[in-house]
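Colleague: Could you show me how to read the helices, the sheet and the chain contact in a model like this one?

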Amino acid sequence: MKEVLARGAESVIYKIEEWGFSFVLKWRQAKPYLLKDIDSHLRKSRTSRECKMLTVSRSLGVPTPAVYSVDLDKHMIMMDFISGTQFKQLAGQVSRSDLISLCRGFGKLIALLHEGNVVHGDPTTSNIIVDDRSRMWIVDFGLSEMNATLEMKGVDLHLIHRALETTHWDLQETMLDSTLEGYVDVLGSTAEPTLSRMKEIRERGRYH
Amino acid sequence: MTLHCLGIEGTAHSFGAGVVTSDGKVLSNEWDMLKPDQGGIHPREASRHHSEVGPDIIRKAIQKAAIGFQDIDLIAFSRGPGLGPCLRTTATIARTLSLKLEVPLVDVNHCVAHIEIGCLESTFNDPVTVYVSGGNTQIIAFAGGRFRTFGETLDIAIGNMLDVLGRELGMGFPGGPIIEIEAKKGEVYHNLPYSVKGMDLSYSGMLTAAKKLYSEGVPTPEICYSVQETSFGMLAEIAERAIAHTKKSELLLTGGVARNNRLTEILSGVAERHEAEFHRVSPSLAGDQGAMIAWNGILQFNAGRQIEVENSHVLPKWRTDDQDILWR
């Protein structure tokens, strides 16, 4: 049994049933409109990067789906299916206090990654899954990187800011504040340079 | 009653004037672009260009529209974002006309106008817009009363990157169109930095790397080919992220770089993959011109927004997402 869960920017996500369990199959399809050299390089490097970073991130204390198998030629990864809801959808439905605690949780997870010098690369609320026990999982590590510099961490926070202002415009202040609170809770004063870099990066964009 | 709006655009190196009716008919669209003999655009020279050619272009726009100045019902002008001196020259012309003709003045956001003229032409309702020009690289979609910038360049605009590269390669201004022609002759791909961060991207590293290829003696067509494929591939990716994230079903390509056929081909492929409709704004409406300002002026005026001359100071840093969109 194979069911399309989502058609993402660079992959199709299937839900499959095997041995009585549910799994996710993530398939990075070829994009015929791109130059073949670029397309195959991206598909291959991101598939292998994602496998690695899902595991590295888990070792840092961040819940991520476990990888069961990978096919680098077909650009497919089989991993845990996380039963839950995208944070993006949940944000508008929960109470203010629940939203604040979810955002703090989100900020803490990002801080754990940064503490281990890992950046996620695409930390939108679409890539956070909240399971039935309110536990948060991070998915989609195709743009994730190790040995992250201050600049890369600053970009990660900048991307959170951007995701909140475009997708949760009516809640953006509450959400940004509590996400950053969670971030600082973990990192303490070492968060400061990254927070100021985040602001600096935002101002580098046009018309700030 | 049908309104006639005269739109005046002058945010950077182009000055334009166009007449559009409230039925959405573009009656005229005249413009002139400053082409420096060497180097880039100097704001002072561009503003001088605008004050020199402006009156003539406006007169031509009125003539081509086959109306007289007395038929103009409102004046719209590009209030920002853009180069301060250029904006001020343009605004001064608009204010003068508004006072002289005793018609309302409407202040238009340049970036929003690019999207709205694209929607008029394509009949799209709610697209993800890829806006690419010499000064801007943005992925924009409407949400919660505003056009939100889902992604943008973290350093230089794609058109700027292409023009500067063109200059390095000994091409005239603008370099983009020449790069497109050269790229067709290129067959060998050279690796360049592919820099996508979420829905943002960065082009400065690519520019440096491309210059380096040139200094190493790599033939121009190969450089142009590699730069186009990489930079457009990055745009395709962030456009896909925006479509997947917003779940919108229309993709609009606009701005001066929309004239590039390879970029159009790539983005129409993106749209097809996501079962979205695709439209590339036609060349005469894609670059900076007055018709888009006029059409946006009508939308805004009909939604009850105009501006008094004394409050009409220009906004060089007016972001796309800074304006409440009253007509949507």
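Colleague: Which residue with a positive phi follows α8(B)?

Modeller: B:Glu275 follows α8(B), and its phi is positive, near 50°. Helices here are DSSP runs of H or I with at least four residues, and strands are runs of E with at least two, numbered from the N terminus. This is a predicted model, in which local features need pLDDT of at least 70 and side-chain atom pairs count only at pLDDT 80 or more, while totals for chains, interfaces and linings use all residues. Residues are numbered from 1 along each chain as its sequence is written, and chains are lettered from A and ligands numbered from 1 in the order in which they are written.

Colleague: What span does α8(B) reach from its first C-alpha to its last?

Modeller: Helix α8(B), residues 261-273, has 13 residues and reaches 19 Å, close to the 18 Å expected at 1.5 Å a residue (1.5 Å times one less than the number of residues).

Colleague: Which residues of α8(B) are buried, and which exposed residues does the face turned away from them carry?

Modeller: Burial is a count of other C-beta atoms, placed from the backbone, within 10 Å of a residue's own (20 or more for buried, 12 or fewer for exposed, partly exposed in between). In α8(B), the buried residues are B:Leu263, B:Ile266, B:Leu267, B:Val270 and B:Ala271. They lie on the same side of α8(B) because they cover an arc of only 145° around the axis, taken from the directions from the helix axis to the C-beta atoms. The face turned away from that buried side of α8(B) carries the exposed B:Asn261 and B:Glu265. Among the elements covering the buried residues of α8(B) are β6 (128-132), α7 (220-246), β11 (250-254) and β12 (277-280) of chain B, where contact means C-beta atoms, placed from the backbone, within 7 Å.

Colleague: What is the order of the strands in the open sheet of chain B?

Modeller: Strands pair if DSSP finds at least two bridges between them. The open sheet of chain B has 5 strands in the order β3-β2-β1-β4-β5, with mixed pairing, and its edge strands, β3 (26-33) and β5 (105-109), each pair on one side only. Strand β2 of chain B (residues 14-21) pairs with β3(B) in the antiparallel sense over 7 bridges, and B:Val20 has B:Val26 in β3(B) as its bridge partner.

Colleague: How many residues does each chain give to the contact?

Modeller: Chain A gives 26 residues and chain B gives 31. On the side of chain A that touches chain B, α1 (36-59), α4 (150-167) and α6 (192-204) of chain A each supply at least two residues, and α4(A) gives the most, with 4 residues.

Terms used
Contact = placed C-beta atoms within 7 Å.
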